[in-house]
Amino acid sequence: MSGAVPASAGGDRRKRGNRTGWSTGACAAAAAAAAARGLETGVVPETIEILLPEDRRPSFAIIEGRLIESGVQVGSGAQAAVIKDAGDDPDATHGARIVATVVRLADAPGEVHLLGGEGVGRVTRAGLGLTVGEAAINPGPRAYITANVRAAAPTRLSREGLAVTISVPDGERIAKRTLNARLGILGGISILGTTGVVYPYSTASFKATIRQGVQVALAQGQETVVFTTGRRTERHSMTRYPELPEICFVQMGDFVGAALDAAREAGLKRIVIGAMVGKLTKIAQGLKITHARKAEVDMQLLARLVADAGGDPALCARVLEGDTARWAAELVAEAGLTGAFHQALTRAVAALVAQGLAEGTLVEVLAWGPEGDLLAEQTVGTPSRPA
């Protein structure tokens with residue numbers, strides 16, 4: 001990952017691959033360093049090498065590099081941009097234009113002020129590790145953006161300060177494809193990337209979003225979080241708990257382990273899991289990631305649950321002939337055992353989930369049908385105080 005690797009390499013994104021890419025933080029660092037170098041030397045470079053965590057030294061192509069004129073004075077500031085390349089990751093910010101504008105601060109020698117401009121979200125809720133009201137530039141990127149600006153303009157900083165404004169002109173539109181608004185980040189995207197590298201189909205960003213969702217709910221005084229596997233189960237679960245504010249609903253996707261870890265670390269008093277039969281079965285198997293690629297459905301487990309629901313040996317044998325949870329659900333529906341089967345399934349899930357949480361945590365599990373019908377619900381645990 002070290003060496004001069006073009007950040008805008010592009011590539012064929014029609015097929016799934018394993019090409020790594022760069023985070024919004026890395027792109028912002030490159031644009032900011034290029035603009036700072038322009039102030040230092042009088043020319044904004046066409047490429048710039050930066051230093052990222054883990055001693056990575058990628059080279060980025062710079063576009064729109066220019067010095068800024070203020071009245072008759074040329075060189076009061078500089079601007080540069082980088083087109084984000086997320087590699088083969090299906091990232092909402094792939095192709096976004098990350099712009100850095102650097103201006104001189106005559107009365108603040110040695111200081112670097114990092115600001116958020118157009119298309120960079122503002123923090124409106126506590127719990128994100130950032131001050132309410134400031135730009136949504138995470139601590140990791142803040143550190144390496146600032147460090148690269150310092151490295152690019154040491155002479156300039158010896159006698160004056162620099163104000164660095166990161167902008168994403170299309171950021172507000174892009175943010176609508178993320179969960180930023182749910183987290184209280186409004187007006188644009190976040191500048192993210194602990195290491196600066198984006199790995200294809202990695203879990204890091206999703207896990208971070210889950211953790212942030214839990215922390216935001218906790219910071220607002222909420223002690224209940226409803227984890228769902230997607231938008232559909234979230235909508236269904238919202239109808240079940242209309243009294244809960246939106247911040248209590250966190251989409252965990254396939255990352256059950258990350259969700260439960262975040263709940264345990266936050267000390268939540270009550271968690272709810274809302275899902276359909278396939279994901280619930282994977283959770284009952286003890287899987288931390290429920291994606292179809294990670295593990296097959298345990299048909300033996302489903303057969304045992306069918307037996308617990310009152311299914312006869314012939315029905316259990318038929319369940320074992322299939323390879324999906326939906327197959328089992330259809331068979332129990334034909335046998336008139338839908339409610340009993342889903343009750344057995346939610347009971348198994350609730351018992352397993354409760355084992356990994358603090359004593360006294362109330363665990364509720366909802367089994368949803370495809371059309372939004374609540375097939376079963378199960379509660380395990382005695383809360384230490386009313387939930």
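Colleague: At what angle do helix α11 and helix α12 pack?
Modeller: This is a predicted model. In it, α11 covers residues 313–321 and α12 covers residues 325–334. Their axes lie 9 Å apart, and the packing angle is about 155 degrees.

Colleague: Why does α11 count as roughly antiparallel to α12?
Modeller: The angle between the two helices is about 155 degrees. Angles over 145 count as roughly antiparallel. So α11 relative to α12 is roughly antiparallel.

Colleague: Is the crossing of α11 and α12 left-handed or right-handed?
Modeller: The pair packs with axes 9 Å apart. The hand of the α11 and α12 crossing is right-handed.

Colleague: How many residues of the contact of α11 with α12 are charged?
Modeller: From α11 come Leu315, Arg318, Val319 and Glu321; from α12 come Trp327, Ala328, Leu331 and Glu334. Five residues of this contact are nonpolar and no residue is polar. The charged ones number three.

Colleague: Do β14 and β15 run parallel or antiparallel?
Modeller: Strand β14 spans residues 270–275, and six bridges join it to β15.

Colleague: Which residue in the turn between β15 and β16 has a positive phi?
Modeller: The two strands form a hairpin, with five residues between them. The phi in question is about 90 degrees. The residue is Gly372.

Colleague: Why is strand β15 largely enclosed by the rest of the structure?
Modeller: In a regular strand, side chains alternate between the two faces of the sheet. Here Leu362, Glu364, Leu366 and Trp368 point one way, Val363, Val365 and Ala367 the other, and all are buried. So the strand, residues 362–368, is largely enclosed, its buried count being seven of the seven.

Colleague: Is Asn148 buried or exposed?
Modeller: Asn148 sits in helix α2, residues 139–152. Beyond its neighbours within four places in sequence, it contacts Ala29, Ala33, Ile50 and Leu51. The cut-off for buried is under 20% relative accessible area. Asn148 has 7% relative accessibility, so it counts as buried.

Colleague: Last, the whole chain. What percentage of its residues count as buried?
Modeller: The chain has 13 helices and 16 strands. Its C-alpha trace spans about 85 × 45 × 30 Å along the principal axes. Of its 387 residues, the buried share is 49%.

Colleague: Among contacts between residues at least 6 apart in sequence, what percentage join residues at least 24 apart?
Modeller: Contact here means heavy atoms within 4.5 Å. For the chain, the share is 66%.

Terms used
Residues numbered from 1 in each chain as written. Predicted model: local features only at pLDDT ≥ 70, side-chain atom pairs only at ≥ 80, totals over all residues. Heavy atoms only, no water. Buried < 20%, exposed > 50% of the residue type's maximum accessible area, 1.4 Å probe, protein only. Helix = DSSP H or I, 4+ residues; strand = E, 2+ residues; numbered from the N terminus. Pairing = 2+ DSSP bridges. Axes fitted to C-alpha atoms, helices over the stretch in contact; angles between N-to-C directions. Parallel < 35°, antiparallel > 145°, perpendicular 65-115°, else oblique. Left-handed = near helix turned anticlockwise from the far one by under 90°. Nonpolar A, V, L, I, M, F, W, Y, C, P; charged D, E, K, R; others polar.
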